[in-house]
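Trainee: Could we look at this structure together? I would like to learn how its terms are applied.
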Amino acid sequence: MRGLKPVLEGRTIQSVSLRRDGLRFPFPADFAGRLSGQRIGNLTRRAKYILASLGSGDCLLVHLGMTGRFTVLPAQSEARNLGEFYFETGTEQGEGAHDHVVLTLDDGARVVYTDPRRFGIMDLFPEAEAGTHKLLSGIGIEPLGNELNADYLAEKFRGKAAPLKAALLDQKLIAGLGNIYVSEVLHRSGLSPKRKSGSLVHRKTHDPRLELLVRNIRDVLNEAIVAGGSTLQDFAHTDGAEGSFQQRFRVYDREGQPCAQCGAPILRLVQSGRSTFYCRHCQK
DNA sequence: AAAAGCCCCTGGACGC
DNA sequence: TGCGTCCAGGGGCTTT
């Protein structure tokens, strides 16, 4: 997103090459035609969606899914810096088996969308309908904004039977908290992923650990952003650089390793179909 | 209405 | 080296 913004904003899409009919869902009707020739305005983000407003009044929506990534190939004059890549792979970027969409901009740069598992999403809709878009309406608050506070969580958790892990992962409550970060947040907060979320809310007041939870959500996300995200296998920035937050994981993907706080082995369990990592001793 | 399961898809790691 | 199994960061959709 940060790498994409300066590349795309203010540019005009010269041409669009689609290598298949869609990703997770089929591309919208006349997708290439409605993108071509459009000037790109503001690039914004909502939850895990990238949104680009176009001169036509349409809005381009992109979700990277699990393995989606954008790579920017600068205009020809700078392209020689990437020569080493061509040599190593023997495949020109944009021509790979999983390069599904290539945008060519008016300055000659090419923006390649690559996504092996094709869990990503691209859609195009009138910007005025953003509020009612099926994928955008119902999305919860941003975790780094002022709306997230203990009172908000208390209101959402009250009477809720779902375990904390599921509640924090629920994008309808908080938008943009992923599986890795939920495990990390809960460990830092000393809260068991299995605990019923409603158990932190009492009749008139709420458990002070909700304040801690809020602080840790912010901390973990901010630290991950500073570290450039978590690169496990194929996450990367538009220039191919990898994130490094994975080096700071305290529990995620550390099953059997000693908890940094107490030395007990980190445990793994599956909740709503996804792995959770935690310390039975430190998290209650 | 909320919660759990299924599924989309490819590739990497691991055991034999 | 090859083959089968399991697992993966997301989340919509269907079922209970």
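Trainee: How many residue pairs are in polar contact across the interface of domain 1 and domain 2?

Mentor: The rule finds one such pair, with both residues at pLDDT 80 or more. A polar contact is a pair of N or O atoms within 3.5 Å; within protein, one must be able to donate a hydrogen and the other to accept it, and residues adjacent in sequence count only if both atoms are side-chain atoms. This is a predicted model, where local features need pLDDT of at least 70, side-chain atom pairs count only at pLDDT 80 or more, and totals for chains, interfaces and linings use all residues. Side-chain values use heavy atoms, leaving out hydrogens and water, and residues are numbered from 1 along each chain.

Trainee: What makes Asp58 and Arg34 a polar contact?

Mentor: Their side chains make that contact at 3.3 Å, and the limit is within 3.5 Å, so the pair qualifies.

Trainee: Why is Asp58 called buried?

Mentor: Asp58 has a relative accessible area of 11%. Buried means under 20%, exposed over 50% and partly exposed in between (1.4 Å probe, protein chains only), so Asp58 is buried.

Trainee: Which residues does Asp58 touch?

Mentor: Among them are Arg34, Leu124 and Phe125, not counting residues up to four places away in sequence. Contact here means heavy atoms within 4.5 Å.

Trainee: How many residues of domain 1 are in contact with domain 2?

Mentor: Nine residues of domain 1 contact 11 residues of domain 2. The automatic or database assignment gives 5-132 as domain 1 and 150-278 as domain 2 in chain A.

Methods
Chains are lettered from A and ligands numbered from 1 in the order in which they are written.
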